[in-house]
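Please look over the structure shown here before reading the notes that follow.

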Amino acid sequence: MPAGPFPPPPDPHHPPPPYADGPYTDPRAGVPRAASPTHRTYPWLPPAPPPPRPHRAPRHAPLGHHSDLRRLRRAYRWQRRTATLTALGYFVLFLVLSAFAPSLMTGTTAGVPTGLLLAVGQVPVTWLAVALYEATARRRVDPLAELIRRQAVVDARREASR
């Protein structure tokens with residue numbers, strides 16, 4: 001069939017969507033009707049939220065992206081390694097000497113076997129490891145943690161005022 005100046009008749013089996021922009025013909029009634037411009041979605045859906053209002057950008061990055069957190073993790077990692085290597089290093093040294101230098105361990109120092117002196121020395125070395133842990137915490141970790149704590153309070157106040 002040749003194309004004429006008139007559009008083809010609407011297909012009654014495939015009606016256009018009910019909320020189209022232009023008028024359409026209701027296939028049941030056969031009369032043109034205007035599309036409803038007021039209801040673009042289903043009426044039970046909530047309206048779209050208003051766009052967020054612009055606000056000032058913070059002068060520094062939020063707390064989660066701060067380099068101080070990386071510095072804190074690095075200081076804490078150094079603290080753990082120092083204390084652990086102090087205690088475990090001495091104990092491994094004691095075990096290696098016991099296995100590979102039995103003559104040294106059975107020898108006497110001031111009338112006491114050297115192995116016994118090294119074994120009893122494990123207690124003060126453990127105390128030294130605890131003291132190192134506390135000292136590095138006071139010197140390196142605690143100041144960084146306090147700085148981050150103060151920044152978190154400031155960031156929370158800024159967010160609450162927005």
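## Salt bridges and surroundings

Glu 134 and Arg 138 both belong to helix 4 (residues 122-161), where they sit four residues apart, about one turn of the helix. The model is a predicted one, and the structure holds five salt bridges.

**Pairs in helix 4**

- Glu 134 forms a salt bridge with Arg 138, with 3.9 Å between the closest N and O atoms; Glu 134 is partly exposed at a relative accessible area of 44%, whereas Arg 138, at 56% relative accessibility, counts as exposed.
- Arg 150 and Glu 146, likewise in helix 4, are four residues apart, about one turn of the helix, and their side chains meet in a salt bridge (3.9 Å, N to O).
- Arg 150 is partly exposed, with a relative accessible area of 48%, and Glu 146 counts as partly exposed at 35% relative accessibility; salt bridges that share partners join Glu 146, Arg 149 and Arg 150 into one network.

**Asp 68 in helix 1**

- Asp 68, which lies in helix 1 (residues 67-100), counts as buried because its relative accessibility of 5% falls under 20%.
- The side chains of Asp 68 and Arg 71 meet in a salt bridge (2.8 Å, N to O), and Arg 71 is partly exposed, with a relative accessible area of 41%.
- Because Asp 68 and Arg 71 are three residues apart in helix 1, about one helical turn separates them.
- Beyond its neighbours within four places in sequence, Asp 68 is in contact with Leu 147, Ile 148 and Gln 151.

**Nonpolar surface**

- Val 92, Val 96 and Phe 100 form a nonpolar patch on the surface, together having about 320 Å² of accessible area.
- Phe 100 is placed in helix 1 and, at 70% relative accessibility, counts as exposed.

Terms used:
Residues are numbered from 1 along each chain as its sequence is written. This is a predicted model: local features need pLDDT of at least 70, side-chain atom pairs count only at pLDDT 80 or more; totals for chains, interfaces and linings use all residues. Side-chain values use heavy atoms; hydrogens and water are left out. Helices (H or I, at least four residues) and strands (E, at least two) are DSSP runs, numbered from the N terminus. Contact means heavy atoms within 4.5 Å. Patches are made of residues with over 30% relative accessible area and no salt bridge: like charges are joined within 9 Å, nonpolar side chains (Val, Leu, Ile, Met, Phe, Trp, Tyr) within 5 Å. Accessible areas come from the Shrake-Rupley method with a 1.4 Å probe; for residues, only the protein chains shown count as cover. A salt bridge is a side-chain nitrogen of Lys or Arg within 4 Å of a carboxyl oxygen of Asp or Glu. Buried means under 20% relative accessible area, exposed over 50%, partly exposed in between (1.4 Å probe, protein chains only).
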